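This report describes the packing and surface of a protein model. The sequence and structure are shown first, and the description follows.

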Amino acid sequence: MLLLTFEGIDGSGKSTQARLLAEYLRERGQDPLLVREPGGTELSEKIRSVLLEPDVNVHPMAELLLFSAARTQLVAERIRPALEEGRIVLCDRFYDSTTAYQGAGRGVADPAWLQSFHRRVTDGLVPDRTYLVELDAETAQARREEAGTKRDRMEAEATSFYHRVAAAYDTLADEHPHRFRRLDGHRSIDAIHDAIRTDVETLLEEQTGTPFASTGSSDP
Ligand code: ADP
Ligand code: TYD
């Protein structure tokens, strides 16, 4: 019934927020589906391994097509069915990542072409809301290093790559003000979560016509 996506550069904090929102919704008696891109189906996870493996040579257009192939499968196999069951779907990255990383980061294709391409890839599915966690590339990198996760192929890119990606997200948010909500990634995890939660409550109230906080199974 609602598709909420989370975007931002690597290390911005979007996965943390997607997870916290899923927990909150569960506490409120909902049964959200939380998925990440690329991934979420057998095929998409296989594509993920290929795409993120550090030493594979991947042509930029092949990269765009593979991320998109993983998305087509995820939408068809999991996201559409969940939405049809009336569930809330939280997706950690969606096609805006392709516009930002492959479109702007790699310079593969122009935004207008990408927009119609994404429509084909997702069979017309557009997120109801996209939360963009904005954080400067240097802080994001420091957080990734602190977290100590192994660098994947995308994360081996130079800071200038991430500047192009961040600029593309900025443009997307300007171009789609109704869909995007910007969140300052320098704020605390709780402050960002509160802002997202308030927005989701409003969206759900608009959809159901009843106050969301009073419909859940747990204490207010
Ligand atoms: P992403 O999914 O955008 O790559 P993560 O959610 O995995 O980012 O967060 C990257 C690291 O930064 C993690 O160690 C996480 O605990 C930390 N982190 C996330 N949000 C914040 C925040 N608002 N302030 C400080 N650290 C954060
Ligand atoms: P992941 O470990 O999920 O990173 P993060 O926690 O930052 O989301 O790795 C996904 C990587 O793939 C990340 O560097 C962004 C990149 N990516 C693209 O380049 N294009 C895409 O369309 C998607 C979905 C991800």
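Buried means under 20% relative accessible area, exposed means over 50%, and partly exposed lies in between (1.4 Å probe, protein chains only). In a regular strand, the side chains alternate between the two faces of the sheet. Helices (H or I, at least four residues) and strands (E, at least two) are DSSP runs, numbered from the N terminus.

Strand β2 runs parallel to strand β3 (residues 88–92), and four bridges join the two; strands pair if DSSP finds at least two bridges between them. Opposite L33 stands V89 of β3.

## Basis of the model

This is a predicted model, in which local features need pLDDT of at least 70 and side-chain atom pairs count only at pLDDT 80 or more, while totals for chains, interfaces and linings use all residues. Residues are numbered from 1 along each chain as its sequence is written, chains are lettered from A and ligands numbered from 1 in the order in which they are written, and side-chain values use heavy atoms, with hydrogens and water left out.

## Nonpolar cores

A nonpolar core is a set of buried Ala, Val, Leu, Ile, Met, Phe, Trp, Tyr and Cys residues joined through side-chain atoms within 4.5 Å. The largest such core has 21 residues, and I9, Y101, V165 and Y169 have the most contacts inside it. Two or more residues each come from α2 (42–52), α3 (60–84), α4 (95–105), α6 (137–147) and α7 (159–175). Helix α7 gives the most, with seven residues. A second, separate core of 19 residues includes L2, A22, L203 and L204.

I9 lies in the loop between β1 (2–7) and α1 (14–27) and counts as buried because its relative accessibility is 3%. Leaving aside residues up to four places away in sequence, I9 touches, among others, R93, Y101, V165 and Y169; contact means heavy atoms within 4.5 Å. With the same exclusion, the residues that Y169 touches include E7, I9, D96, Y101 and L132.

## Positions in helix α3

Helix α3 contains E84, which counts as exposed because its relative accessibility is 68%. The C-alpha atoms of E84 and L2 are separated by 9.9 Å, although these residues are 82 apart along the chain.

L65 also lies in α3 and is partly exposed, with a relative accessible area of 43%.
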